[in-house]
Amino acid sequence: MKVSRRKFLMKGSMSFAGTMLLPKSFFGMSNIFHFSDNHIIGIQLYSVRDDMKNDPLGTLKQLSAIGYKNVEHADYIDRKFYGYTPVELKKILDDLGLKMPSGHTVMNDADWDKAANDFTDKWKQTIEDAATVGQQYVISPWLDESLRKDYNDLIRFLDVFNKCGELCKKSGLKFGYHNHDFEFKYSLNGKQIYDIILDKTDPNLVLQQIDIGNMYGAGGRALDIIKKHPGRFVSMHVKDEIKSHGKGEMNDNYESTILGKGILPVKEIIDLARKSGGTTEFIIEQESYQGKTPIECAKEDLKALQNWGY
C-alpha cells in the first residue's frame, strides 16, 4: 500500500527530535560545504521506504553494491535513524562506504519555545544527532498548513528558519528547506509562498533544496525558478514525472518515474543548476515505480545520471 509522502511527513513530524551542540572544529569549517568533485550524487531513502522499514541494513548494502556513495534519510524518530542510534548508523554507513550528507527532519512551530525565545531541547538534540551521524545539511521538508494562511505568521516562522540556521552553524551544519507543491499553489499578500520563503530567509543561513518534481502539477517549473533565483539551490531532489492513473503523489495527477522516462527536461535542469543554481548535491528520489521494484528503479536512476555525465 503506497503511503503518500505528505502523510508520512505529517505523521513523522510529531515524533522527530533533536540536542547539545558539537564544536565547529568537529568538521573543519573551511571545506564543510564542498566536495572534491564539486558535486555529489545520492538517493533519498524514501525512494526505498518499504525496504528500509523491513531490512534497513540489507537495503543499504544493496544501494552500496549498486554504486551509491551517498544517502539521505527520511526517518528520525526518538533519536534514532531507521531504528539505529546515530553512532550505530554512522558505523554501518562507514563500513559500507556510504555517507549521509543530508537528511529530512521536519521542524515544527512547536520546536521553537516562544516564552524562552529559544529552541526546545528536542530540536537541539536533532542537530546534535545529525552532526554525530555525519550530516552537513539538516533539511525540513514541510510547512504546517496553519503557516500557509497568514502572512505575518509565515514571516515570523521564517525568522525561526534563520535562527535555526544560526543554531546549525554552531555545530558546523547548515539548515535547509525542501519544497512540495503548496508553495506554488498559494499566495499571501499577492506573492507566491515559495517567493516569500526565498525572500525572507537568509541564503547564508538557510539553503534551499529544490524538488523539481513536487512542484510540477502546481505549475512550478524548475528551469524558470533557477533562472529567477540563481545561486540559491545548494541541493536538489532529482525527479522525473509522468501522468498518473490515480491522484498522484501530490494529488495532482502526476507521479515520479525513472529519470529520462518522463516529461521533465531533467538533464537540462540539473545542468543549469550546476552551472548557475549553486547546486552541489543531487539527490535522486522516486516515489512510484510503475511495476518495478524500488531497488530496480534506484539502479536505473543512477545509471541515467551516469549516462548524462554525473
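How far is the sulfur of Cys 168 from the closest cysteine sulfur, and in which residue does that closest sulfur lie? The close-up views below come from a predicted model, and the first of them takes up this question.

**View 1. Cysteines without a disulfide.** The closest cysteine sulfur to that of Cys 168 belongs to Cys 164, at 4.1 Å, which is too far for a bond. A disulfide needs two cysteine sulfur atoms within 2.5 Å. The structure as a whole holds zero disulfides. Cys 168 is buried, with a relative accessibility of 0%. Cys 297 also counts as buried, at 1% relative accessibility.

**View 2. Leu 63 in the largest nonpolar core.** The largest nonpolar core has 53 residues. Those that touch the most other members are Leu 60, Leu 63, Val 71, Ile 210 and Met 236. If neighbours within four places in sequence are left aside, the contacts of Leu 63 are Ile 43, Leu 45, Val 48, Tyr 68, Val 71, Ile 295 and Ala 298.

View 3. Gln 209 belongs to strand 12, which runs over residues 206-211. Is Gln 209 buried or exposed? Its relative accessible area is 0%, so Gln 209 is buried. The side chains of Gln 209 and His 104 make a polar contact at 2.8 Å. Beyond the neighbours within four places in sequence, Gln 209 is in contact with several residues, including Glu 72, Ile 139, Tyr 177, His 178 and Asn 179. Also in contact with Gln 209 are Ser 235, Met 236, His 237, Glu 281 and Ile 283. Met 236 is also one of the residues that touch the most other members of the largest nonpolar core.

**View 4. Arg 79, a loop residue with positive phi.** Arg 79 sits in the loop that joins strand 3 (76-77) and strand 4 (80-81). Its phi is near 65°, a positive value, and the residue is not a glycine. Most residues other than glycine have a negative phi. With a relative accessibility of 30%, Arg 79 counts as partly exposed.

**View 5. Asn 251, between strands 14 and 15.** The loop between strand 14 (240-243) and strand 15 (254-257) contains Asn 251. Although Asn 251 is not a glycine, its phi is positive, at about 60°.

Technical notes: Residues are numbered from 1 along each chain as its sequence is written. This is a predicted model: local features need pLDDT of at least 70, side-chain atom pairs count only at pLDDT 80 or more; totals for chains, interfaces and linings use all residues. Side-chain values use heavy atoms; hydrogens and water are left out. Buried means under 20% relative accessible area, exposed over 50%, partly exposed in between (1.4 Å probe, protein chains only). A nonpolar core is a set of buried Ala, Val, Leu, Ile, Met, Phe, Trp, Tyr and Cys residues joined through side-chain atoms within 4.5 Å. Contact means heavy atoms within 4.5 Å. Helices (H or I, at least four residues) and strands (E, at least two) are DSSP runs, numbered from the N terminus. A polar contact is a pair of N or O atoms within 3.5 Å; within protein, one must be able to donate a hydrogen and the other to accept it, and residues adjacent in sequence count only if both atoms are side-chain atoms.
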